[in-house]
Every structure is written in C-alpha cells, then in structure tokens.
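Subject: The structure we talked about

Hi there,

Here is the structure I promised to pass on. Please have a look at it first, and then read on for what turned up.

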Amino acid sequence: MSSPVAPPVPRPPLRVALAGIGVVGGGVVRLLEANRGLIARRAGRPIEIVAVSARDRHKDRGIDLSPYRWEDDMDALVAAGDVDVVVEMIGGADGSALTLARRALGAGKALVTANKAMIAHHGLDLARIAEEKDTPLKYEAAVAGGIPVIKAIREGASANEIARVYGILNGTCNYILTQMERNGASFADALAAAQAEGYAEADPTFDVDGIDAAHKLSILAALCFGTRLDIGAVTADGIRGLIAADIREAEALGHRVRLIGMAERGATGLYQHVQPCLVPADHPLAYVPGALNAVVAEGNFVGRLFFEGAGAGAGPTASAIVADIIDIARDEYGPAFAMPVDALDAAPAADAGARVGKHYVRLIVEDRIGVLAEIAAAMRDAGVSIESLIQRGSEDGNGVVIVLVTHEGPARAIHAALAALGASEHVVGAPMHMPILAL
C-alpha cells in the first residue's frame with residue numbers, strides 16, 4: 001500500500017517594495033489588493049507589499065498606503081532585509097531610477113521596471129549585474145504596456161529565427177493619427193485632443209518625434225535578433241510634418257498612415273527605424289485604433305504573430321508589472337534578453353539608404369507653370385521612377401498639393417530628390433516622405 005503524499009510545504013510570501021507611487025504605482029497597489037487571493041494561488045505563494053517610497057509622502061494618490069512602511073530614502077529599500085523585489089516606477093533613463101536599479105540588482109534583489117528609456121540605454125549593464133548576482137531583471141511593462149509581447153518573444157517564440165519585428169509602439173501617436181483619420185483634424189487639433197484626454201503630455205516631444213517608440217524598438221530588436229542593445233543605431237522620424245491631406249491621400253491609395261517601428265536583420269546589418277508609413281488597408285495594423293499598441297513578429301516556423309492591446313495606463317501597465325512579480329515568485333526567470341549578455345551579437349547598423357521599396361511623397365508647391373517639370377527633373381536626376389502623380393488644391397488655398405507614388409527603388413534616391421526639391425523657391429514648406437510598407 002503506497003504511503004500518502006505529504007502536502008507541499010507552504011512557501012513564504014514574496015516581499016515587494018515599490019519605488020515611485022504615481023499613476024502606475026497606484027495601479028500596482030490596487031491590483032495586488034484586488035486580486036490578492038487569485039495572485040497568491042497562481043504565484044504559489046502570497047505576494048506582499050512591505051515598503052513604498054516616493055518624493056512626496058503627503059500627496060493624495062487616491063489609495064491607502066498606511067499598511068506599508070514608508071521610506072523617504074529609496075536606498076532604504078535596497079538595504080532592507082525584508083525586501084525581495086524592488087519595483088522601479090520612477091522613470092527616466094538615468095538619475096535616481098538608474099542608481100536604484102544598479103544598487104538593487106547589486107544587492108541581489110530582483111528588479112521589475114516599466115522604464116523603457118533606462119532599459120534601452122542601460123539594459124546591457126543591468127543585465128550583466130543581474131547575471132553576476134543570479135537575480136531576475138524583468139521589464140515586461142517597458143514595451144507595449146499590458147501586451148505580454150516580451151514574454152511571448154523571449155519564451156513562446158524562442159525556438160524561432162525572427163525575420164523582422166514591427167508595429168505601432170506609441171499610443172499617443174496612434175490616437176492622433178486616428179483623430180486625423182476619423183475627423184479630418186489637423187495635426188495640431190488632434191494633438192490638442194490627445195492632451196485633453198490625457199494621452200499626450202504638455203510637452204509631447206518624446207511621443208510625437210518617435211523617441212518613445214525608438215526606445216521600445218531597440219528592446220524588441222535585442223530580444224528578437226539576439227543582438228546588443230544599441231539605441232544610437234535606431235533612427236526616428238515623428239509625425240509632426242503630417243497634414244490632413246496626407247491622411248486623405250493615403251486612404252485614396254488604399255492605405256492608412258501609422259507610425260511604425262521596424263527592426264529587420266539583413267545582409268549588411270540590423271535595420272532599426274521609426275517613421276510614419278503607409279500601411280495597406282488589408283493589414284491588421286491598419287485597424288488598430290486610438291491609443292492601442294500592436295506588435296508583429298515573423299518567425300521562420302511559427303509564422304506571423306500579432307499582438308494588440310493597451311500600450312499604457314495604470315491598469316495595463318500594472319498588469320504587466322505584477323505578471324513579472326508572479327514569475328519571480330515562481331522562480332521563473334532567465335537571462336534578461338533571452339541569452340547571456342556575452343552571447344549577444346554586436347550587429348552593425350544596416351545602410352538605411354539601400355533599403356528598397358515604394359514611397360509616398362507629398363509636396364506643396366506654387367501654382368505656376370513649370371513646377372511639375374521641375375519635380376519630374378529632380379526625380380529623374382536622383383534615379384526615382386514615378387508610378388503615379390496627383391495634383392490637388394491645398395487646404396488653405398495657398399499653393400497646390402502634389403502627391404507622388406514611386407516605383408520600387410532605394411531610399412537614398414528619394415532623399416536625394418527631396419533634398420533638391422527642398423532647395424527650390426517654388427516648394428512651400430518641407431516635403432513629406434513615407435515608405436509604403438509591403439507587408
């Protein structure tokens with residue numbers, strides 16, 4: 001007769017300290033409290049907040065922090081003997097966030113962060129410290145908010161060679177483009193709407209100039225291609241130069257405008273670029289509305305993987321942070337970038353000018369004889385072949401809108417043609433250029 005199986009020995013609680021109690025930090029507290037029992041069962045042990053720290057302990061955050069020890073000095077979170085995991089929600093690539101991250105990992109404490117700027121700029125250094133101390137570094141919330149794309153690529157698609165990864169990585173820009181698409185709004189009016197709804201900051205530079213998306217793209221590229229993080233190799237063009245006519249003309253061509261971050265490994269190196277693009281209307285990315293994010297990864301065996309969801313906000317970001325904490329409670333972690341830092345390649349940056357494709361070009365020109373000939377000559381001299389040309393009156397009656405679609409050709413030829421036309425006294429303002437994605 002077999003002996004009865006002994007019940008499992010209960011595991012002690014995982015003790016968590018939160019640094020930074022803003023919108024996301026408040027979301028983490030609410031989530032851990034609201035789903036306490038479910039989280040404990042899934043984690044195999046209770047997860048308890050034991051300490052919190054922020055700049056202003058008297059600020060009304062709409063949550064009760066009295067059950068938790070308040071530390072005015074964040075270093076106390078690292079020194080505390082009753083803290084197993086430090087959750088960094090301070091923000092910023094450097095400064096106190098980076099100092100806390102280095103000290104926490106150096107002390108052998110697990111680190112969970114939503115800080116994409118810090119990971120993009122210092123992720124390799126932090127990953128090396130984590131490896132030396134055999135402690136987790138987790139950052140699911142740093143890319144695409146509540147979408148579990150980091151875990152899916154690092155674990156679910158780990159057997160695949162990824163051909164490319166791309167997507168809508170900034171919800172603010174996607175909200176602005178959706179407003180321009182649905183309401184015919186100008187960029188300025190759509191940005192004002194995004195600010196009124198809380199999707200855009202008073203200074204929207206990081207979002208609308210593509211910097212935020214570039215941080216996220218660099219992290220995805222490192223995971224997908226096994227390469228070292230190199231934020232300096234990511235080029236970014238934002239959406240400031242778009243006008244309502246661009247949205248309308250894209251729709252007439254059977255496309256929609258989206259700010260796309262794309263990373264692709266080719267024969268000459270790794271291509272990483274953030275820029276507005278024309279996306280075919282039959283591609284899933286064309287139907288991602290509002291402030292949502294979406295990521296596409298293409299594996300050689302799994303095929304196309306598509307992830308869509310909320311890219312920011314208290315609930316989605318807190319969901320990703322707590323998911324990382326649950327993994328740590330289960331002792332489920334590995335190298336931060338799917339392989340040890342020393343195994344990551346130092347891939348050279350690809351020659352973006354050699355990238356071949358079709359392009360959308362929009363110019364506003366004076367309404368006078370000879371301008372079309374000047375445009376055609378500039379394109380001819382640069383080696384650009386024109387597939388189609390549309391001429392319409394401008395929105396304000398000042399000048400004429402010229403829209404060109406090119407045949408496939410290298411990007412450097414387009415840049416050369418636009419540089420020549422930008423110097424013309426007959427061109428009003430800066431030309432607009434967007435690749436037409438063949439997806």
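Let me begin with a cysteine. The sulfur of Cys 277 lies 12 Å from the closest cysteine sulfur, that of Cys 173, which is too far for a bond, a disulfide being a pair of cysteine sulfur atoms within 2.5 Å. Cys 277 is also buried, at a relative accessible area of 2%; buried stands for under 20% relative accessible area, exposed for over 50% and partly exposed for what is in between, with a 1.4 Å probe and protein chains only. Cys 224 is in no disulfide either, and the cysteine sulfur nearest to its own is that of Cys 277, 17 Å away. Cys 224 counts as buried too, with 9% relative accessibility. By the distance rule, the count of disulfides is zero.

Before the rest, a word on how to read the numbers. This is a predicted model, in which local features need pLDDT of at least 70 and side-chain atom pairs count only at pLDDT 80 or more, while totals for chains, interfaces and linings use all residues. Residues are numbered from 1 along each chain as its sequence is written, and side-chain values use heavy atoms, with hydrogens and water left out.

Now the overall picture. The protein has 14 helices and 17 strands; these are DSSP runs numbered from the N terminus, helices being H or I with at least four residues and strands E with at least two. Its radius of gyration is 25 Å, close to the 22 Å that the globule rule gives for 439 residues, so the protein is as compact as a globular protein of that length. That radius is taken over C-alpha atoms, and the rule is 2.2 Å times the number of residues to the power 0.38. The C-alpha trace spans about 90 × 45 × 45 Å along its principal axes.

Of the 439 residues, 51% are buried. The protein exposes about 19,100 Å², and 52% of that comes from carbon and sulfur atoms; the areas come from the Shrake-Rupley method with a 1.4 Å probe, and for residues only the protein chains shown count as cover. Among contacts (heavy atoms within 4.5 Å) between residues at least 6 apart in sequence, 73% join residues at least 24 apart. As for charges, the mean positions of the 39 positive and 53 negative ones are 5 Å apart. Here Lys and Arg count as positive and Asp and Glu as negative, without His and the chain ends, and each charge is placed at NZ of Lys, CZ of Arg, CG of Asp or CD of Glu.

In the loop between strand 6 and helix 6 sits Ala 144, which is buried at 1% relative accessibility. Ala 144 has a positive phi of about 60° although it is not a glycine. Most residues other than glycine have a negative phi.

Ala 144 also turns up among the contacts of Gly 311, which touches Ala 144, Gly 145, Ala 291 and Asn 293, leaving out residues up to four places away in sequence. Gly 311 belongs to the loop between strand 12 and helix 12 and is buried, with a relative accessible area of 12%.

Where is the other positive phi I noted? Asp 331 has one near 65° and is not glycine. Asp 331 lies in the loop between helix 12 (314–329) and strand 13 (356–365) and is partly exposed at 47% relative accessible area.

- Ala 130 has its place in helix 5 (residues 116–133) and is buried at 7% relative accessible area. Beyond residues up to four places away in sequence, Ala 130 touches Leu 105, Thr 135 and Leu 137.
- Glu 71, in the loop between strand 3 (69–70) and helix 3 (75–79), counts as buried at 17% relative accessibility. Its contacts, again without residues up to four places away, include Ala 51, Val 52 and Leu 77.
- Asp 203 is in the loop between helix 8 (187–196) and helix 9 (205–208), and counts as exposed at 56% relative accessibility.

Enjoy looking around!

Best wishes
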